[in-house]
Amino acid sequence: MKQKLRFFKMMGTGSGNGFGIIPDFSTYTWIFTTDNATGLFESEVFREFKQKSGMIRIFQMYPHKTHGLWNGINPFSDFPPLSDPEEYPWISIVTRGSIRRSMWWKFWNYVPKVSSQISEKAILSMGMGELPLIEQATFSVWERTEDMYQWAYGNTYHVEVVKLTKSLGWYEEEMFTRFYCREVQL
């Protein structure tokens, strides 16, 4: 069966802990929706990436809650409820925002404060983006929902940024999606 990608983004990452303003040219991310991930992983393009990579981590995710848009669509909104969430032991979060050009300076002034406070309870947390400084996303994986909530709503800097996001209208477009998640080994 040939793979069909319904949505695909290849993004770069930031330096340091993944949220730096300077790109990390050694780490890239793919996020996509497909009916046949196995077909993609068996493709020539993926084999070539795998051959040239020092490490690849794959997280299979199934949308649980989502709102907002990514380039005018929500690629995670048309999924039926998952029949067996127990197969996915973790949760993951993807937040995505298109920063208003008039807000770049204010937005990036807050990033170091928030990113320096990333919870050690996160299995993985990183910044990624399609277009440096403008089209930004974050990805995090958590073993427990409670740990994610504790960081998201208990971290002073993060709570402040969430409030500013709404009051200042930082984003031209934004999306938030929570997934059921598991790591896949090839």
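User: Hi! Where is the place of Phe8?
Analyst: Phe8 sits in strand S1. Strands are DSSP runs of E with at least two residues, helices are runs of H or I with at least four residues, and both are numbered from the N terminus. This is a predicted model, where local features need pLDDT of at least 70, side-chain atom pairs count only at pLDDT 80 or more, and totals for chains, interfaces and linings use all residues. Residues are numbered from 1 along each chain as its sequence is written, and side-chain values use heavy atoms, leaving out hydrogens and water.

User: Thanks! Is Phe8 buried or exposed, or partly exposed?
Analyst: Phe8 counts as partly exposed because its relative accessibility is 35%. Buried means under 20% relative accessible area, exposed means over 50%, and partly exposed is in between (1.4 Å probe, protein chains only).

User: New topic: helix H4. Which residues are buried there?
Analyst: In H4 (residues 145-154), the buried ones are Asp147, Met148, Trp151 and Ala152. They lie on the same side of H4, because they cover an arc of only 120 degrees around the axis. That arc is taken from the directions from the helix axis to the C-beta atoms. As background, an α-helix has 3.6 residues a turn, so residues three or four places apart point the same way.

User: What is on the face turned away from the buried side, and what covers the buried residues?
Analyst: The face turned away carries the exposed residues Gln150, Tyr153 and Gly154. The cover on the buried residues includes strand S4 (90-99), helix H3 (104-115), strand S6 (135-142), helix H5 (156-168) and strand S7 (171-184). Contact here means heavy atoms within 4.5 Å.

User: How many salt bridges are there in the whole structure?
Analyst: A search finds twelve. A salt bridge is a side-chain nitrogen of Lys or Arg within 4 Å of a carboxyl oxygen of Asp or Glu.

User: Which residue forms one with Arg182?
Analyst: Glu87 does, with the closest N and O atoms 3.5 Å apart. Arg182 lies in strand S7 and Glu87 in the loop between strand S3 (58-68) and S4, so the pair ties together parts that are 95 residues apart in sequence. Arg182 is partly exposed, at 23% relative accessible area, and Glu87 is also partly exposed, at 43%.

User: What about Asp147, which residue does it pair with?
Analyst: Asp147 forms a salt bridge with Lys121, the closest N and O atoms being 3.8 Å apart. Lys121 is in the loop between H3 and strand S5 (122-131), while Asp147 is in helix H4, 26 residues apart. Asp147 counts as buried because its relative accessibility is 8%, whereas Lys121 is partly exposed at 45%.

User: Which residues are linked in a network of salt bridges?
Analyst: Lys9, Arg96, Glu130, Glu135 and Glu173 are linked that way.
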